[in-house]
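Student: Please show me how to read the features of a model like this one.
Tutor: Let us take them one at a time.

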Amino acid sequence: MSVFDEDLPKQPATTHVVGGDLSLLSVDELTARIAILQTEIERLETERHKKSAGRKAAESLFRS
């Protein structure tokens, strides 16, 4: 890190590494990471639901 980096405003985290060190994060940073992960969980669940519905439709078609 250079001297100039200290003058830049701190950017909020947009990613999270599972298993990463959390000890240096502030409460606000932890809250932001939780929000990122909750959004990602919702995205994963939506995709799982779409794939599950498509699979059920295909299974139904082949059973007929």
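**A charged pair**

Tutor: E40 and R43 form a salt bridge, with 2.8 Å between the closest N and O atoms. The term stands for a side-chain nitrogen of Lys or Arg within 4 Å of a carboxyl oxygen of Asp or Glu. Side chains of opposite charge can pair when their charged atoms come close.

Student: What kind of model is this?
Tutor: This is a predicted model, where local features need pLDDT of at least 70, side-chain atom pairs count only at pLDDT 80 or more, and totals for chains, interfaces and linings use all residues. Residues are numbered from 1 along each chain as its sequence is written, and side-chain values use heavy atoms, leaving out hydrogens and water.

Student: How many salt bridges are counted by this rule?
Tutor: The count is one.

Student: Where are E40 and R43 placed relative to each other in helix α1?
Tutor: Helices are DSSP runs of H or I with at least four residues, strands are runs of E with at least two, and both are numbered from the N terminus. E40 and R43 are three residues apart in helix α1, so about one helical turn separates them. The protein has one helix and zero strands.

Student: Is R43 buried or exposed?
Tutor: Buried means under 20% relative accessible area, exposed over 50%, and partly exposed in between, with a 1.4 Å probe and protein chains only. R43 is exposed at 54%, while E40 is partly exposed at 30%. Buried residues make up 5% of the 64 residues.

Student: Which polar atom does the side chain of E29 have at 2.7 Å?
Tutor: The backbone nitrogen of S26 lies 2.7 Å from a polar atom of that side chain. E29 belongs to helix α1, residues 27-63, and is buried, with a relative accessible area of 17%.

Student: What does L25 touch?
Tutor: Contact means heavy atoms within 4.5 Å. Leaving aside residues up to four places away in sequence, L25 touches L30 and R33. L25 sits in the segment before α1 and is buried at 19% relative accessibility.

Notes: Polar contact = N/O pair within 3.5 Å; in protein donor to acceptor, adjacent residues only side chain to side chain.
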